[in-house]
Amino acid sequence: EFYIWETENDGNSVKLQVHDKDGSHVNNIRLTFTPPRGQWRETYIDSEDNIYSFRIRNGFAEIYQWK
């Protein structure tokens with residue numbers, strides 16, 4: 001699980017707190033958003049702390065790995 005900790009740079013980046021399934025803090029991750037930005041439908045994190053988002057745009061399904 002992750003929680004939005006704070007937004008930065010006028011909304012162009014965000015810090016997330018990452019927690020394990022027991023609610024213990026694991027680490028922090030910063031995501032930077034570059035234009036054009038869109039609305040993501042779902043966001044997931046895997047067991048290796050990789051964050052993925054999913055959306056449907058222009059009739060296509062997109063999966064994005066945040067780095």
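**Selected residues in a predicted model**

Q: Where does aspartate 49 lie?
A: Aspartate 49 is in the loop between β4 (42-45) and β5 (51-57).

Q: And what is the phi of aspartate 49 near?
A: Phi of aspartate 49 is near 65°, which is a positive value in a residue other than glycine.

Q: Changing topic: how many salt bridges does a search of the whole structure find?
A: The search finds one salt bridge.

Q: Which residue pairs with arginine 55 in a salt bridge?
A: Arginine 55 pairs with glutamate 62, and their closest N and O atoms are 2.9 Å apart.

Q: Is arginine 55 buried or exposed?
A: Arginine 55 is buried, with a relative accessible area of 7%.

Q: What about glutamate 62: buried, partly exposed or exposed?
A: Glutamate 62 is partly exposed, at a relative accessible area of 22%.

Q: On to glutamine 17: which strand holds it?
A: Glutamine 17 belongs to strand β2, which covers residues 13-19. Glutamine 17 is partly exposed, with a relative accessible area of 24%.

Q: What polar contact does the side chain of glutamine 17 make?
A: The side chain of glutamine 17 contacts the side chain of histidine 19 at 3.3 Å.

Q: How far apart in space are glutamine 17 and asparagine 27?
A: Their C-alpha atoms are 6.2 Å apart, while the two residues are 10 residues apart in sequence.

Technical notes. Residues are numbered from 1 along each chain as its sequence is written. This is a predicted model: local features need pLDDT of at least 70, side-chain atom pairs count only at pLDDT 80 or more; totals for chains, interfaces and linings use all residues. Side-chain values use heavy atoms; hydrogens and water are left out. Helices (H or I, at least four residues) and strands (E, at least two) are DSSP runs, numbered from the N terminus. Buried means under 20% relative accessible area, exposed over 50%, partly exposed in between (1.4 Å probe, protein chains only). A polar contact is a pair of N or O atoms within 3.5 Å; within protein, one must be able to donate a hydrogen and the other to accept it, and residues adjacent in sequence count only if both atoms are side-chain atoms. A salt bridge is a side-chain nitrogen of Lys or Arg within 4 Å of a carboxyl oxygen of Asp or Glu.
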